[in-house]
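Here is a short report on one chain.

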Amino acid sequence: MWYVSTRGMAPRVNFEGALFSGYASDGGLFMPEELPQLDKETLCQWSKLSYPGLVKELCTLFIGPELIPRDDLNDLIDRAFSRFHHKEVVHLSRLKNGLNVLELWHGVTYAFKDLSLCCTAQFLQYFLGKREKHVTVVVGTSGDTGSAAIESVQGAKNVDIIVLLPKGHCSKIQELQMTTVLKENVHVFGVEGNSDELDEPIKAVFADVAFVKKHHLMSLNSINWSRVLVQMAHHFFAYFRCASSLDTRPLPAVEVVVPTGAAGNLAAGCIAQKMGLPIRLVVAVNRNDIIHRTVQHGDFSLSEAVKPTLASAMDIQVPYNMERIFWLLSGSDSQVTRVLMEQFERTQSLKLPQELHSKWGRQECEQMALMGCDGWCVELCVGCGLGGGCVTDTQGTASDR
């Protein structure tokens, strides 16, 4: 499996290369050169698997046995999930009227990012051990990424981690989770500004290829492909637990609600769709609603300021994983994606071309939930992003958080 930059100007890499990268050298994000297509028979086989079992199958597709043999991969994933508080790792709670909640909070830091980061850290240490290398991980956080990243690598001999947290913009619990770790390889700094402003110098650092190579830098933010890969399992697990039957043709659709900030989990869902998983994605945002405006009106532009909410980890104006989604919508057209993202970086404002914006509906990623300033969902419009009728059927809905 090869990985290419969404902007098409960087050399392609294998999984190990994508894992150890932050941004690609051209400023883009790595994506699989080709996406595997899953037939009904494969989906039926996977439907019987546990959550760790699904992670193993997905990682086998995207990593390859020449890099991590299957037995080693199974051991790494089992080790990654060994400290989770629930025996299933991920649990689906069934509520009323076909509504289900996918519990992704059973990790050590109680954030859903524990799931992808614990696996990514295992992959990282596997390759570092084989290569006898050391890396420095640089992470900017809006709250949950920092604590989950620290937990995944604290005490590792071949990894140092630098976490930049925006002072006054994280929850108290998350701030304490980051600032009370006393391991020698953990370095946490409080900085002025919000999480979007933290991303700017981090991206500038990774654009300096010589500097990155000299100091062996990498990122564990969701710009890292490994994070998105593991998060795909959330959508497959939700689908298999919620679908009424896999004996029908076509397979029944399941609606998956995805609260999001930087759109990593959303990108994972869009990739799962492309692979053949019949899900409808409902995107939940708070008052920092750039994704809502993008889907509804094609307006990918910054607001005047980040609006603080109780859902502080979602207080993001620059959802960098939207670049991956634009790449998917454009049919893997790196030139189109590069032009769009370079314009956004220059002007902080972008109007999607009508041809690209019109594809939201066909991708079934057009639905949107708008959350109020206090972080609670106050309005749910699950209609077509281009002004079509509302979808009120909640059968097989999963809240993916």
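Helices (H or I, at least four residues) and strands (E, at least two) are DSSP runs, numbered from the N terminus. By that rule, I325 sits in helix α13, which spans residues 322-329.

The model is predicted: local features need pLDDT of at least 70, side-chain atom pairs count only at pLDDT 80 or more, and totals for chains, interfaces and linings use all residues. Residues are numbered from 1 along each chain as its sequence is written, and side-chain values use heavy atoms, with hydrogens and water left out.

## Overall fold

The chain holds 16 helices and 13 strands. Of its 401 residues, 59% are buried. Buried means under 20% relative accessible area, exposed over 50%, and partly exposed in between (1.4 Å probe, protein chains only). The accessible surface comes to about 16700 Å². Carbon and sulfur atoms own 52% of that surface. Areas come from the Shrake-Rupley method with a 1.4 Å probe; for residues, only the protein chains shown count as cover.

Contact means heavy atoms within 4.5 Å. Take the contacts between residues at least 6 apart in sequence: 73% of them join residues at least 24 apart.

## Nonpolar cores

A nonpolar core is a set of buried Ala, Val, Leu, Ile, Met, Phe, Trp, Tyr and Cys residues joined through side-chain atoms within 4.5 Å. In soluble globular proteins, nonpolar side chains tend to be buried together.

The largest core here has 111 residues. F15, Y51, F81, F123, W225, M232 and F236 have the most contacts inside it. Helix α10 (residues 225-242) gives the most to this core, with 12 residues. A second, separate core has 13 residues, including I202, F206, V212 and I223.

What does F81 touch, leaving aside its neighbours within four places in sequence? Its partners are Y51, P52, V55, V89, L115, C118 and C119.

The UniProt annotation "modified residue: N6-(pyridoxal phosphate)lysine", from an unreviewed entry, covers K113. UniProt positions are given in the numbering used here, feature names are shortened, and annotations may be inferred rather than shown by experiment. K113 lies in helix α5 (residues 113-131). K113 counts as buried because its relative accessibility is 12%. Beyond four places in sequence, K113 is in contact with D144, T145, A148 and R227.

The structure holds five cavities of 30 Å³ or more. On a 1 Å grid over the protein atoms alone, a cavity is a set of points where a 1.4 Å probe fits but cannot get out; lining residues have an atom within 4 Å of a point. Grid points are joined across faces, edges and corners, and a volume is the space filled by probe spheres set on the points.

The largest cavity contains about 280 Å³ of space. Its lining has 26 residues, and K113, T145, A262, A313 and I316 lie nearest its centre. Helices α6 (144-153), α8 (195-207), α10 and α11 (264-274) each supply at least two lining residues. Helix α8 gives the most, with three.

## Other sites

S152 is found in helix α6. At 16% relative accessibility, S152 counts as buried. Apart from residues within four places in sequence, S152 is in contact with L117, C118, A121, Q125 and L220.

I325 is buried too, with a relative accessible area of 1%. I325 touches L266, A267, C270 and W360, not counting residues up to four places away in sequence.

V191 belongs to strand β7 (residues 186-191). With residues up to four places away set aside, V191 touches L164, L165, P166, K167 and L198.

Two pairs of residues show how sequence separation compares with C-alpha distance.

| Pair | Separation in sequence | C-alpha to C-alpha distance |
|---|---|---|
| I325 and A267 | 58 residues | 5.9 Å |
| V191 and L165 | 26 residues | 6.1 Å |

## Backbone geometry

A cis peptide bond joins R249 and P250, with omega about -5°. P250 is in the loop between α10 and β9 (254-259).

E132 is not a glycine, yet its phi is positive, near 55°. E132 sits in the loop between α5 and β5 (135-140). Is E132 buried or exposed? E132 counts as exposed, because its relative accessibility is 74%.

S332 also has a positive phi, about 65°, although it is not a glycine. S332 lies in the loop between α13 and α14 (334-347). S332 is partly exposed, with a relative accessible area of 39%.

Terms used. 1 Å grid on protein atoms, 1.4 Å probe; cavity = no way out; pocket = protein on both sides within 12 Å on 5 of 7 lines; lining within 4 Å.
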